[in-house]
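Here are some notes for a first look at this entry. Please read them with the sequence and the structure open.

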Amino acid sequence: FTSGELHRGSLTSVDFFNAYTSIYNPTTKKSWTLKTAKMKGETLTWVFNFIFSLSAVMQNRMMSFSGVYAEYDALRAQSAPQLSVFDLGLNPPQKLDPETVARTEVVRVVQKLEIGGRPIDPKYEYTVALPQGVLEAFDFLNTYFGNKVQYSKLQDTGKELWQILEEYVAQHSPILPGQISRGDRMVPLQSDLAVYNDEVTVKRAGGKVELEVVVHNFGRRDSTKRVLGVAFDRTPINVVDDPNPDTDNVVKVVVPELKFSQRYTAKLVLDIPEHLRDKPLPIYVVLEASQADALRGNEYTSLFVQP
């Protein structure tokens, strides 16, 4: 699947339709719609532990939700046995053998789970909003795990996902960076430093580029000192080989230890080579890896600076 982004400025229905990955059904003349269902707390606990134990999903921030607060052990998730397509096989769907099921279920990654600000109740039936893709993923898991993801009272709202997003943005416009929630729903027990494209301020003047980069710690544990580096693209005119940072000319700064939810603004200056001073410049912003930080997906970003 491919999807776009909601860019700065005025938005139309076309922008929302293109931004939301979905499948168009010519029979209903609609794309994916939002469903609701009832699910018990014990089922949701299994689902969250399963998802959080898939390191590829968490590293790439492929999961998002609202109304839920979770604290999880990211290092434990990294060491968890990973379910692969080879486990599922390429033949018609069939249940996994008991040994494989046991191998993929034993790790309890989520240490704290709250819904609506209260600890999850294993026996209570919660109303859950399910995008069509998530619902199909549940049915897929049930094929192999034997109805682990049980739900009832499934209803179709009839509203397409992109329309719900459009209505939300219309009700809350203008959407500003400070209004976007980050790092307060899925919290790792380890440190979790992060940088974001919209929190990099750039000023280009003459032969220099001045940058201010906001660094967050979204993890429960205090972070260690980390090195933040910025560099130009080695071949800014050639986009085919991107990303291609000039690793021989990286400007670095040390980010101090940060407590949970603390932020730090790093200031750096890049000298533009003479032959690039009239060129658009891709710039890469990267935090050096640390064993204390189990998550890597939010430790880098890039931006494009015009002459």
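1. The model is predicted. Its mean pLDDT over the chain is 85, and 86% of the residues score at least 70.

2. Confidence in the chain is lowest in helix α5 (residues 85–88), where the mean is 44. Strand β12 (residues 251–255) has the highest, at 97. Over residues 85–93 pLDDT stays under 50, and the model has 10 contacts for them beyond four places in sequence. Where pLDDT is low, the predicted coordinates should not be read in detail.

3. Strand β12 also belongs to an open sheet of four strands, with the order β12-β11-β14-β15 and antiparallel pairing. Its edge strands, β12 and β15 (300–305), each pair on one side only. On average, neighbouring strands of this sheet are turned by 20 degrees against each other, direction ignored.

4. Within the sheet, strands β11 (residues 226–232) and β14 (residues 281–287) run antiparallel and are joined by five bridges. Glycine 229 has valine 286 in β14 as its bridge partner.

5. Back to the second largest pocket: how much space lies in it? The figure is about 230 Å³. There are 14 residues lining this pocket, and Ile180, Arg182, His216, Phe218 and Arg263 are the closest to its centre.

Notes:
Residues are numbered from 1 along each chain as its sequence is written. This is a predicted model: local features need pLDDT of at least 70, side-chain atom pairs count only at pLDDT 80 or more; totals for chains, interfaces and linings use all residues. Side-chain values use heavy atoms; hydrogens and water are left out. On a 1 Å grid over the protein atoms alone, a cavity is a set of points where a 1.4 Å probe fits but cannot get out, and a pocket is an open set with protein on both sides within 12 Å along at least five of seven lines; lining residues have an atom within 4 Å of a point. Grid points are joined across faces, edges and corners, and a volume is the space filled by probe spheres set on the points. pLDDT is the predictor's confidence in each residue, from 0 to 100. Helices (H or I, at least four residues) and strands (E, at least two) are DSSP runs, numbered from the N terminus. Contact means heavy atoms within 4.5 Å. Two strands pair if DSSP finds at least two bridges between them. Axes are lines fitted to C-alpha atoms, for helices over the stretch in contact, and angles run from 0 to 180 degrees between N-to-C directions.
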